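Subject: Structure handover

Hello,

Here is the structure I promised to pass on. Please open it and follow along with the notes below.

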Amino acid sequence: MGSPNINHSSKSAEASAEAVSNPPPYSSITEPSDVPPSYQQQNVSHRLSLDGFPRSEETVAIDECIIHLKFLSAIAKLRYFIKGTDKLFGIHDSEAKNFADTRKQAQAAARIREKRWAVYVARAVDRFTVWWQTCLPSLNTSRISTLNSSSEAKIVWSANMMPPLDVIMVWHAFMLNPRAFLEDCLRQSKMSIWATGMPWDVINASIDDETHVFYPGSQALMNFETRTGHPWENIHESPAKSLLCCGCKQEILAPWTEGSLGCDTDVAYAHCIGYADKSLRISCSACKFSITHDSLRVQKFRSDVQKLLIDDVPMPGTLLTQNGTPADDENGDNVSFPNRLIKEGIRSEILQLTDLTENERTTIGTIRDHLEGFLKSRPLMRRVNKTILASGNSNMPERISLRNMLSRYWDNSSPFAIDLIGAVIRQGTFVDKMDNIGWIRSPNVRSTMSHFISKYGVFFQIMAKNKGHAVVPTLDIDLIWHTHQLSPVRYYTFSTVQIEGIFINHDDKIDEIKLNDAFAWTSRQYQKLTGGKIYSECTCWYCEAVRESNNQGLGRLISPSALNAKTNAALLHNSTDTTGGNKNKGPHISSHNSVRILAQADPRAMQTKTAQLESCWEKARRRSHNRNGSRCGGSTEEDSRSKAVYSPYARDPEIHREIYPCNPACVNISAGVAGNCISGTQGVDLAQGACVSGTMAAQTRSKGKSFCSGIAGCGMSL
């Protein structure tokens with residue numbers, strides 16, 4: 001599958017070529033003819049130990065966490081380079097100068113940098129898709145037997161087999177949605193990669209200890225280019241993506257991005273019509289059919305229906321139970337109802353509806369409406385389920401299964417269960433924070449990781465003891481949690497043993513207000529389980545406020561854990577073990593998954609919550625002043641800077657919704673939008689969905705109507 005050779009005369013193509021031919025210095029961007037850098041492993045602490053891989057009943061090894069940090073540093077380096085490369089993808093820094101106001105210039109410059117990264121990630125996901133389909137082995141066995149025997153089919157990774165860094169970056173983000181990753185590995189017969197997990201030893205050897213540049217060698221470069229037909233470097237890709245016209249089946253070339261920032265930074269790039277833009281619209285020169293993101297999602301649905309009918313490949317969302325484990329309909333699981341409905345009840349109707357040559361205006365919303373209509377037919381339901389229905393029309397299991405299936409198509413035209421562009425973008429905040437904290441550069445990195453692994457063990461206990469409650473990690477725990485998930489079999493085994501057959505999900509979307517409420521609750525539970533140890537070992541104003549709020553009230557005056565917590569909080573200010581002496585570089589709340597539930601966004605609620613936190617912070621600061629004769633939190637100017645950086649509502653401020661085909665940082669559940677899902681399923685938590693425990697996340701309700709969160713799968717929980 002090669003990239004088409006395209007001779008564009010457009011400004012964007014010329015500028016992209018100019019940027020590629022003259023990129024700024026960056027050692028990981030090398031031409032095939034260049035001499036690869038020498039990677040002598042100098043730092044022994046970054047080598048894998050001989051016994052570096054834990055058994056299935058354990059979590060992670062110190063070495064794995066260190067190499068994960070090293071990998072994240074390589075991603076941070078790449079992200080910084082791409083965002084700062086002027087003229088890349090035809091996106092010019094000079095456009096920021098079109099605004100007279102300096103504030104607008106700064107905002108425009110930020111949008112320009114973000115857009116470059118957005119286009120790069122869209123191209124990376126496309127390259128990952130080709131690598132996934134052409135380079136990974138397939139296992140043609142049943143779902144259940146594959147899960148049980150997958151360890152026998154592990155991939156023996158070597159440096160020569162490694163794909164480029166941008167492809168591994170997408171793979172990494174995909175695995176951090178463990179239920180979606182398991183579903184796609186099962187459905188697409190890729191259980192070998194699920195069984196193997198991230199090849200830490202090979203990745204470690206491919207990243208230079210000093211520069212954190214990724215390069216596995218010239219043979220890997222040659223193998224990737226030969227197998228996929230794509231260049232090793234993302235920025236050397238064709239300036240256009242090849243699409244297939246639904247009408248005449250001819251190839252249509254869609255530029256990755258086209259157009260300029262525009263005259264309003266609040267809607268920057270919203271008008272652009274390229275494949276990586278929000279308003280994609282490319283017309284076929286032969287039959288005039290217009291390809292949009294909506295039509296691509298319908299094409300995905302139709303393609304999946306055809307695979308079901310011809311090859312018996314289950315529809316997305318019909319493989320896992322609400323516990324996240326593989327479904328078995330013979331034992332009473334009903335998640336495969338959509339497969340039976342399509343195969344035995346509505347195959348001709350659904351194929352006609354999704355034929356865009358006859359029904360060009362069909363959308364996923366249209367398909368949802370038709371599916372709801374089919375549920376009302378009692379004869380149809382009797383035929384599909386092969387049972388006699390009770391009186392009434394209660395078919396909640398069927399509605400839930402349809403909602404779970406449809407969630408794979410809201411704002412997602414990729415062949416995967418989730419929008420991988422959004423998954424990578426949301427990880428950007430976490431990547432930057434890991435690089436900024438600098439644990440990988442600490443001389444005490446091994447003891448630091450050991451401490452974090454112990455905290456993660458308590459965190460998992462909280463999940464096990466509080467099923468159904470959102471549990472929110474700090475950055476240090478989240479690093480360990482992420483590392484654990486990158487060994488899927490080990491994580492699956494540990495999770496299902498610890499929590500009674502439940503595969504704990506790692507949902508990377510949760511309402512920002514609920515995230516903070518759940519964080520305060522998690523801090524209290526950790527304090528109780530550990531006899532007063534500190535959960536968030538961070539001294540920013542927000543973490544100080546949460547600790548203070550947790551230790552208020554008469555009941556906590558006599559609690560031993562609360563008294564110990566106050567003592568430990570006082571000692572925290574004198575410790576530099578995890579912060580390197582910088583109070584704003586501690587293990588803060590991990591909020592890279594924070595999104596805004598658009599239909600529920602209430603500025604007054606945010607103002608009230610912020611006021612409560614600031615009140616608690618003032619009390620903590622006064623107590624510190626009385627105890628030490630100096631203010632906790634520094635000067636007023638320092639306090640203001642701290643509040644600006646560590647706000648309690650922590651959606652990534654660099655994510656601008658108009659730049660992406662699907663907004664990675666906002667879930668719209670207002671009535672009438674695509675996310676308004678199958679009626680009657682309000683209050684039902686589904687499996688795909690915040691970096692919350694996966695045992696629960698934000699339920700989305702609205703006065704008798706149910707709404708699907710849309711990006712990775714409706715409600716959340718179990």
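Start with the hairpin of strand 1 and strand 2. It has 6 residues between the strands, and there lysine 249 takes a positive phi near 65 degrees. Keep in mind that this is a predicted model. Strand 1 covers residues 240-244 and strand 2 covers residues 251-255. They pair in the antiparallel sense, over 5 bridges. To find one of these pairings, look at serine 242, whose bridge partner in strand 2 is leucine 253.

Next, helix 13, residues 364-375.

Which residues of helix 13 are buried? They are Ile364, Gly365, Ile367, Arg368, Leu371, Glu372, Phe374 and Leu375. Their cover includes helix 10 (293-311), helix 11 (337-344), helix 12 (347-353), helix 14 (378-385) and helix 15 (396-406).

Now the largest nonpolar core. It has 160 residues. Phe128, Trp171 and Leu371 have the most contacts inside it. Helix 3 (residues 102-135) supplies the largest share of this core, 13 residues. In soluble globular proteins, nonpolar side chains tend to be buried together.

Finally, zoom in on phenylalanine 128. Leaving out residues up to four places away in sequence, it touches Val167, Val170, Trp171, Phe174, Phe416 and Leu420.

Best wishes

Note on methods: Residues are numbered from 1 along each chain as its sequence is written. This is a predicted model: local features need pLDDT of at least 70, side-chain atom pairs count only at pLDDT 80 or more; totals for chains, interfaces and linings use all residues. Side-chain values use heavy atoms; hydrogens and water are left out. A nonpolar core is a set of buried Ala, Val, Leu, Ile, Met, Phe, Trp, Tyr and Cys residues joined through side-chain atoms within 4.5 Å. Buried means under 20% relative accessible area, exposed over 50%, partly exposed in between (1.4 Å probe, protein chains only). Helices (H or I, at least four residues) and strands (E, at least two) are DSSP runs, numbered from the N terminus. Contact means heavy atoms within 4.5 Å. Two strands pair if DSSP finds at least two bridges between them.
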